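Please look over the model before going on.

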Amino acid sequence: MSAYNESDPDEELKRYLSDNQENDPFQNMKDWLGDGPMKKKKTKKKKINKAKKFISVKRDEFGNKIYQYSGKKRYVKKKNPGSARHNAPSPSDLVWDDWNPSEIDIEDDNEDEKKRITWNKRMEHLEQAWADEKENVLESLKSSIALQDCDLCQTHAVLSCHECCLELCHKCDIEIHKNKPLHNRTLFLDGLATPIPPNEVLNENDQIYVVDRLVPLKHPKCVCGSVQFHESTNQRKVVVITMKGKFELLQSILRCCKCERITDPFTLSNILSSGFWPSSPTHFGCLIDVDVFLTWDQFKKHMPGSSSTAFLDSLNDLTLYFGRQGRIVPSSFYQGFKQWNFIRYELDMKKGMDWMKCPCCSIKQHACHIDGNAKLYRYQRSGMRRRKSYYNEAFIADDKKVETFVSSLRQDMGKTIKTSSDTSCGGEWSAARNTERKRKSVDDTGLYVASCRHQYGLKSINMKRGEIYAYPAYLLTNFILPNKVEYLFTDVMCKLWPYLCKVDSNLPSKIKGALSVMHAKGHNLRCQVSWDGEWIQGSGKSTGEECEQLFSFLSRCANTTKYQSPENREETLTEMILFWNRRKTLVLAESLLKKFKRITKEVSIFEDKLGKKCVEMGITIKDVDFVSLLNKLKIYASGGSLSPCKPTSHQQMILLYHDLNKTPSDASEMSKDLLQKIVLPDLNDVHIPLLAKNKAEKELLLNNVWDNDISATKIQGELDLLRSAVLVPAFQNAIQSCRFEMLHWNIRLKKYADSAKLRCACRLKFSEVNKKLNSLLERFITVKSLEDVSEFELIKESNHRCCSSLTLKKIDVLKSLNY
């Protein structure tokens, strides 16, 4: 026995009886005898009346509520008894927390216990510091206006230069800025600070007069080898545009000091080597600093949709601010910037840097995603095409080739008759309409783009008639198939694939179609299992949503491209894609490494879960044939495992009459009376290929199979065969599909619905399928004979709420009636 049972029983009994705790005496006796540990009785919590409960709310000085942070701590200090250098704050702390390195006590052991100041506190300290130093800042600015002596000759200073950071007298100013006309200077007279242009200087009497200022170009080497020149001017004005605004200078002429030879520095090569770009290759009346082009190029590409006119207006304001006059001519800037971009593209191509090719997919492309963007439209009033795009078909295909291809498809395939099922799959999809939509005021209705799985923009088409199926067919025929792509992703592949197979009958042997992973969630389950990329073997982790990420950048260009001419719009979009692809290339290795680590971790987690599940089931992973299991799931989801027989001509007549509720014009009265006596249940949600055809085809088929001489005995026999061979398997397939869909939504509700909105959506879907299954069962029992109970194994096996008491009562009633 245990040591607890060897003690005096009387004393133990007295101790338990004298205990004031309200415990179960039978449980106490069991504990005293050593049968198990004593368990405390659960006490009921007192209900709090919410109406009488008073809750105090903390508020700041502005009356806003202060909520307690319940998430994870952003900064967690690790206890490290090592060197004291870990106790010193980081450089960011020194800036934001107003630390003084001299005040840090390195040997303080309690430094780790000091609380980290939050971001709000740091911002408050920073704003308070600026408020405290406001007076000092004003005094410093006032004192900077009062100039002291010249920094070079120690005489009285009258000017200051922002670029030279010098305070100069009038003589030193002339000497220093003779060859530096692009500096901004400020004149201080009578206590006033006045910016002055580069061609104005001050004399000894503090009077302003005008001098000649020449464009600062490089001096080329003379034929005699001398580099010493005398500069003069021919009084021709030259406009120079920099990031400081517009400058009006004079053109220079160089005379060699050795051979007296005159050299013109205004040649195209000398201008380009000096860091300027001319607005015209033959007339050099306007020179633009390359830094302006670089700034505007990065500004435009990092903020798509920005206006170049607004950028030039900002440069014009800087011109006035620094004391100069004049405005920049937009056309000169546009033409210069456009040609500068073209030359950069040619230089990149000569270096072998083709940004239109993905480094990974250029070897062997695994997947491609195509999608349309209706935001990138263009107004017709913006102008007609005057020339071809400089980039030709680097990104956007030629409109004439596309129009020829679309016209040929219309002639070969004709105008198809559409039904409601052509656009509905779990919902209505506008991309599946395949109807031409064109407005009078719009010339281009959007852009259809093809991208690889690394989010590179590869090829596109100008949409002229809306999002029709002919555009993806063109990309497939002329771009995707020649590159031997393995998988093609679209948002409505379930509707698009039959059309593409009509264009190319051998398409299934060349490429595999798949639904985009995110858009597939909006399709019905049967479609998801058949077309979702996550259900297709070999597609890997391709999402098929790469164009959406590309459009998040490209759609912002719509503010400007809709007002551009066709060639300018194509050039702008191509340059944006070149920038996007270049940026993707620079971070491609890093992003692939991150994805590889993430996928490796997910695979290891999945293998652990799969191993544990196999242990629970008493099997090994090798015993499971995942391919056959996947195929079985697809069969159940796509419509069941049974194959209904093909209906005969008389059975087709019965089904078509029940569906259309009409007879041919030449039908006899006897055949009409016989068919009117036949009662069949509603065949909605039951997949019968004959009834899936459009109305015109069904009417034509009904006229062909109608038999006026059919007898009552014959039609009763055909009806019995129709029920047993066609309708019963079709209903059983529909019931299997519903059960699988309910299981799918139940799993999603338990595992993936991590928010109230998702849980509500899953429950709504589950209830819709539940109602559908109830309806199918009620219609099924009117078709199937209930003499043999074992034939309703599907109903007996169901563990869901769908087998309601109402349905079971109906089964009993029909059994008693021997239906």
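Q: What should I know about the origin of the model, and how many salt bridges does the structure hold?
A: The model is predicted. The structure holds 32 salt bridges.

Q: How do I read a salt bridge, for instance the one between arginine 378 and aspartate 444?
A: Look for a side-chain nitrogen of Lys or Arg within 4 Å of a carboxyl oxygen of Asp or Glu. Here the closest N and O atoms are 3.6 Å apart. Arginine 378 sits in strand E13 and aspartate 444 in strand E14, 66 residues apart. Both residues are buried.

Q: Where in the chain are arginine 385 and glutamate 570?
A: Arginine 385 is in the loop between E13 and helix H11, and glutamate 570 is in helix H18. Their side chains form a salt bridge, 2.7 Å from N to O.

Q: Is glutamate 570 buried or exposed?
A: Under 20% relative accessible area means buried. Glutamate 570 is at 5%, so it counts as buried. Arginine 385, at 37%, is partly exposed.

Q: Which residues do salt bridges with shared partners join into one network?
A: The network consists of Arg378, Arg385, Asp399, Asp443, Asp444, Lys464, Arg569 and Glu570. Within it, lysine 464 and aspartate 443 meet at 3.8 Å, N to O. Both are buried.

Q: How do I read the crossing of helices H8 and H18?
A: Angles of 65 to 115 degrees count as roughly perpendicular. The two axes come within 10 Å and cross at roughly 85°, which makes H8 roughly perpendicular to H18. Gln298, Lys300, Lys301 and His302 of H8 meet Glu575, Met576, Phe579 and Arg583 of H18. These contact residues divide into 2 nonpolar, 2 polar and 4 charged.

Note on methods: Residues numbered from 1 in each chain as written. Predicted model: local features only at pLDDT ≥ 70, side-chain atom pairs only at ≥ 80, totals over all residues. Heavy atoms only, no water. Axes fitted to C-alpha atoms, helices over the stretch in contact; angles between N-to-C directions. Helix = DSSP H or I, 4+ residues; strand = E, 2+ residues; numbered from the N terminus. Parallel < 35°, antiparallel > 145°, perpendicular 65-115°, else oblique. Contact = heavy atoms within 4.5 Å. Nonpolar A, V, L, I, M, F, W, Y, C, P; charged D, E, K, R; others polar. Buried < 20%, exposed > 50% of the residue type's maximum accessible area, 1.4 Å probe, protein only.
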